[in-house]
Amino acid sequence: MDIREKQTEKEPVRTEAAEEPGKPGKEPKPKKESWKMVYKDMSKAGVLQSFCSNLHYNLAKDRYTQTSRDDYMALAIAVRDRIVERWISTQQGYHKRNDKRVYYLSLEFLIGRLLGTNIMNLGLWKETNSALEELGLDIWKIRDEELDAGLGNGGLGRLAACFLDSMATLGIPAHGYGIRYDYGIFQQKIVNGYQVEAPDKWLKFGNPWEFERPEYAVPIRFYGETHMYYDRQGKLCVEWLNTKAVVAMPYDIPVVGYKNNVVNTLRLWSARGSEEFDLEYFNHGDYENAIYDKMFSENISRVLYPSDASFQGRELRLKQEYFFTAASIADIIRRFKAENSDFRKFPDKAAIQLNDTHQALAIVEFMRILIDEEELDWDTAWNVTVRTFAYTNHTVMPEALETWPVPLFEKLLPRHIQIVYEINSRFLREVANRYPGDGGRLSRMSLIEEGSPKKVRMANLAVVGSHSVNGVSELHTGLLKKDLFRDFYEFYPDKFNNKTNGVTPRRWLMKANRPLTELITKAIGNKWNNNLSELEKLARFKDDRSFFKKWRSVKRDNKLALADFIFQNTGLKVNPDSLFDVQVKRIHEYKRQVLFAFYVISQYLKLKENPSADRVPRTFIFSGKAAPGYFMAKLIIKFITSIAGVINYDPAARDKLKVVFLENYRVSLAEKIFPASDLSEQISTAGTEASGTGCMKFLMNGALTVGTYDGANIEIAEQVGYENIFMFGLKTEEVAGLKRQGYDPGLYIRRSPMLTEIFHLIRSNFFSPMEAGIFKPLVDSLTYSDYFFVCADFDAYCRIQDVISGNFLDQDDWTRKAVLNVAKAGKFSSDRVVMQYADDIWKTPYRKPG
């Protein structure tokens, strides 16, 4: 079709009331208008016409000049137009009904690519694919033009994105709030085996899904000092004076529910200078200072988690957190005041969920506005605040709980530190009344950590200022009550509850694995699309060998696709009939990529010892980023790539063993990996992983799990049956017992001939002949402390891997287990957990699935 063909889409129909004649000497009154929305054509012809029209009118391209990037933009705009119609209608409905809203605050939203998800959720996949085929275009190639949004790093951000999808699909009036990072966290390159960080320029071509909203920009203040005085009625008043301002510019991204015409909003804040340009400096030739304030201000939203290795970095992080929370709170209050006036009823109209501790400043900012600007008394303001806020904790490790030095806090936010001290004073009075003379308890529960310098404990603030505190797996929540927040649980037992995480099946099964989706739908129908518990119907195929054959065919096609991707990106050929053994996640010592790497070495040693022995061929796949300032995690990446450098180029390994490290782990890469995986490595030290969601994505795609008794692994085992999962290793209480009695990793190394040989190889520079001693810090850490019990679990891990190899040889039994795993995936849908939040915490209605 010629893209110059005349556009035939209907514009919105406008009806005009009779115009009132203007009076002499005065401007005529504006016309009264009412708009009737006419939705764009959802047929193949409608999509085709929109695509061609967008190329011509929006991008000014013809068939001689259009590029593949233009194809993506034209299609994205066509899809976006159909979203906007539903978006406006959804938001109008919320306003007219004055619905209670859920506001989900998160520093990360790992939304990935949106084109495929939006097409699917609109129910436009068939029509869009057909339209593009008529033009000789490939929808898969067009989708690959989209860059992953650089708005997150790990499971925290992906969970937030899954929740947004589920809230829209369930029809919950919800808004996400986050930061529009210019460069995300970083783009990872592997150079000579080392991680090298580069800016993630995800916005370099623009973002067709976002809408800038300058009319809702919010000034955010920092620094200055406070002035206290009493007004004529004797009320204490506080003014925050002589501040420096940064402008928070909002950008809105629509969040499309699955085939329900509901579109919610993700609002992201970008930092702008309050003064774009200083002409006086410029006229005097000082060109740098002319734009200094603008550039300095905009650093706030440059990257996710700026390094805190310097004072300037720590200050920037705190600025970033306050900038985001203050802008969001201002916007939430603006929405409330548009239809309401009595702040005592605020919790009836708004629920604010804090996705981890980074957002705890929102509690203090909300109190500041209620007291200083809305002039509520303290007790009323605090009651409203606690009833409004809820807090999700995502860690079990005390060292991961965020604290801020009081001097920095006081310098940057002088009014807020006063409010923190007042909250703390009143709270500790309550604690002292309950537990007279218990100074230790007061010290542990205080919002201020004594020391030099003193520090503000943000997790304690989040607990005290919220009406709900939830963990994200049954094990995690139990550890919060028993250990991390034990004092608070004893003081506030009704606040604590569990909400085991989930992931959206739309993204992680229906979009990522369309062949498996089609097979499942042919077998049991499509009701599972909106109600994942319907997958239980797959259990009736647990002995159906013809169904197993189709299942294995889907898996092999997915493995062939991943093998091709690996070859195209690394030059490495892998055996698609090998067991794809996968660990993809953030690189961290507690996640124990080293344990997996040690097992890889053990298999290589066995191969060298007996090359002719029958063995299950394996392709070991790693992927993940290390925090830029985390030395040991970056060394682990170098260790893995060095092992790969030895094994992959040893002729003895051939198609029997391969080691792959895929750089720059991201959502779109994960969508290629999960469907092709045979074995999911979930091997964190028991008691360290709050939940984990990668395990759930593997589960939905039919990978079997090898896992420790940690996080959500336990609940997966309970759902699928311990006979259909491979569990091993120390349990949480056993880890604690070893710590108490004095854990000696050397004892486990000496007991294990294989572990002894592995340590010998590393020390003798077998994997690093040109960089002698490079892995000494890793070896020393494991030999003398082994904080995460790698050595203690190694032999048990090898034993369960032997069981796995034997099971993989029986392909019918392996496939039976895979089918039953998918059949039991219903509990791990984000729809289920979001409904629990809505029922138990937010008190908001939703559309029940099915």
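View 1. Asp812 is buried, with a relative accessible area of 18% (buried means under 20%, exposed over 50%, partly exposed in between; 1.4 Å probe, protein chains only). The model is predicted: local features need pLDDT of at least 70, side-chain atom pairs count only at pLDDT 80 or more, and totals for chains, interfaces and linings use all residues. Residues are numbered from 1 along each chain as its sequence is written, and side-chain values use heavy atoms, without hydrogens and water. Arg552 is partly exposed at 27%. Their side chains form a salt bridge at 3.1 Å, N to O (a side-chain nitrogen of Lys or Arg within 4 Å of a carboxyl oxygen of Asp or Glu). Asp812 lies in helix H33 (residues 811-823) and Arg552 in helix H22 (residues 545-570), so the pair ties together parts 260 residues apart in sequence. Helices (H or I, at least four residues) and strands (E, at least two) are DSSP runs, numbered from the N terminus.

**View 2. Arg415 and Asp372.** This salt bridge spans 2.8 Å, N to O. Arg415 is buried at 8%; Asp372 is partly exposed at 23%.

**View 3. An open sheet of three strands.** The order is S15-S17-S16, with antiparallel pairing (two strands pair if DSSP finds at least two bridges between them). S15 (403-405) and S16 (448-449) stand at the edges, each with a single partner strand. Three bridges join S15 to S17 (residues 455-457). Pro405 has Lys455 in S17 as its bridge partner.
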